[in-house]
Amino acid sequence: MTEARLSGVIAAIATAVEDDGEPDCARSTAFAKFLLNHGCDALNVLGTTGEATSFSTEQRRKLMTAYRQAGLPMERLMVGTGAAAVRDAVELTRHAAELGFAAALVLPPFYYKGIADDGLVAYLEAIVAATRHRPIPIYLYHFPALSGVPWHVGLLGRIVSTFGSRIAGLKDSSGELGFARAAAAVAPGFAVFPSNEAALLEARNGQFAGCISATVNLNADLCARAYASGDAVALEAAVKIRKLLDGKPLVAGVKALIAHIHADAAWARVMPPLTAFSAADRAGAVAGYDAVRARRVA
């Protein structure tokens with residue numbers, strides 16, 4: 001297992017889908033190489049944008065293995081391993097550790113709501129114990145709008161106190177920078193990644209470890225310039241691309257734009273229950289994206 005710490009510009013990479021509903025491993029891994037060569041410091045595989053919860057455990061294992069077999073730098077890859085069933089989460093996290101992923105990103109068990117903190121600690125305890133011989137760093141995934149189960153700040157303190165350095169940090173998809181700042185203050189070295197590239201300049205100043213964003217699939221080169229040198233013009237362009245999808249189905253929109261950028265219609269496929277971006281939304285997003293890119297960002 002690598003001891004490298006993840007930081008910087010991280011794409012929550014989309015997963016290409018075959019027409020039979022299987023993950024398209026060849027397209028997905030080729031795209032991962034593209035992103036790593038065009039501005040991404042690392043990738044978050046099989047997160048929300050990667051439609052992880054729409055794939056079976058077997059399919060997720062298959063795609064995880066494909067990333068290793070494709071020769072990708074595992075020290076630059078975080079993978080989502082959370083699941084509603086603790087046994088599934090354990091299996092996926094073990095597999096991530098065996099393959100050499102840099103970290104596991106763990107959703108809370110998301111079906112039951114109003115879960116007591118003791119139950120969430122027990123869920124993590126099972127994962128930590130099952131991977132003690134290959135102690136892969138664990139990042140918590142905070143996305144209460146979808147999971148319905150928050151990793152609240154008080155609980156974060158208890159978790160870090162209980163499990164120490166095995167809990168390396170948190171991806172915050174709440175959209176609340178106040179929460180992200182409070183989470184980052186839980187313990188020295190607790191790495192927090194907001195989900196919006198607009199936070200990159202704050203990350204560059206040391207408040208956060210970077211960002212993990214769906215729209216970095218589309219604007220990684222611009223984000224890299226913003227993070228590396230504080231390029232405000234590049235960041236403005238990156239944020240404009242992100243805003244093209246405001247109020248739209250995010251995953252479908254990201255995949256529609258990937259299909260456009262790479263001239264590959266297969267990328268527009270999504271897994272049920274998601275549906276493809278509408279023609280009208282696609283036309284608007286494509287026009288907006290091309291307009292941003294047409295403006296030379298010096």
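First, a definition: two strands pair if DSSP finds at least two bridges between them. Helices (H or I, at least four residues) and strands (E, at least two) are DSSP runs, numbered from the N terminus. Now the ground rules. This is a predicted model, so local features need pLDDT of at least 70 and side-chain atom pairs count only at pLDDT 80 or more, while totals for chains, interfaces and linings use all residues. Residues are numbered from 1 along each chain as its sequence is written, and side-chain values use heavy atoms, with hydrogens and water left out.

The sheet, then. It is open and has eight strands, in the order E7-E6-E5-E4-E3-E2-E1-E8, with parallel pairing. At the edges sit E7 and strand E8 (210-213), each pairing on one side only. From one strand to the next, the twist averages 20°. Axes here are lines fitted to C-alpha atoms, for helices over the stretch in contact; angles run from 0 to 180 degrees between N-to-C directions.

Some pairings in detail. Strand E2 (residues 42-45) and strand E3 (residues 77-80) run parallel, joined by three bridges. There, Val45 stands opposite Val79 of E3. E1 and E8 are also parallel, with four bridges between them. Gly8 has Gly210 of E8 as its bridge partner.

Stay with E8. How are its faces covered? By buried I mean under 20% relative accessible area; exposed is over 50%, and partly exposed is in between (1.4 Å probe, protein chains only). Helix H9 (residues 216-229) lies across strand E1 (8-12) and E8, and runs at about 175° to E1.

Now the cysteines. A disulfide is a pair of cysteine sulfur atoms within 2.5 Å. By this rule the count is zero. For Cys211, the nearest cysteine sulfur is that of Cys223, 5.6 Å away. Cys211 counts as buried because its relative accessible area is 0%. Cys223 is buried too, again at 0%.

On to helix H3 (residues 86-99). It has 14 residues and reaches 20 Å from its first C-alpha to its last, close to the 20 Å expected at 1.5 Å a residue. That expected span is 1.5 Å times one less than the number of residues. Buried residues of H3 include Ala89, Val90, Leu92 and His95. What covers them? Among the elements are helix H2 (57-69), E3, strand E4 (103-106) and helix H4 (117-130). Contact means heavy atoms within 4.5 Å. Just after H3, Gly100 takes a positive phi of about 95°.

Next, helix H7 (residues 177-184). Its buried residues are Phe179, Ala180, Ala183 and Ala184. They cover an arc of only 135° around the axis, so they lie on the same side of H7. The arc is that of the directions from the helix axis to the C-beta atoms. Their cover includes strand E5 (138-142), helix H6 (153-163), strand E6 (167-172) and strand E7 (191-194).

Where is it? In the loop between helix H11 (250-261) and helix H12 (279-294). Is Asp264 buried or exposed? Asp264 counts as buried, because its relative accessibility is 18%. Leaving out residues up to four places away in sequence, Asp264 touches Arg27 and Ala259.

That's the tour. Questions, please.
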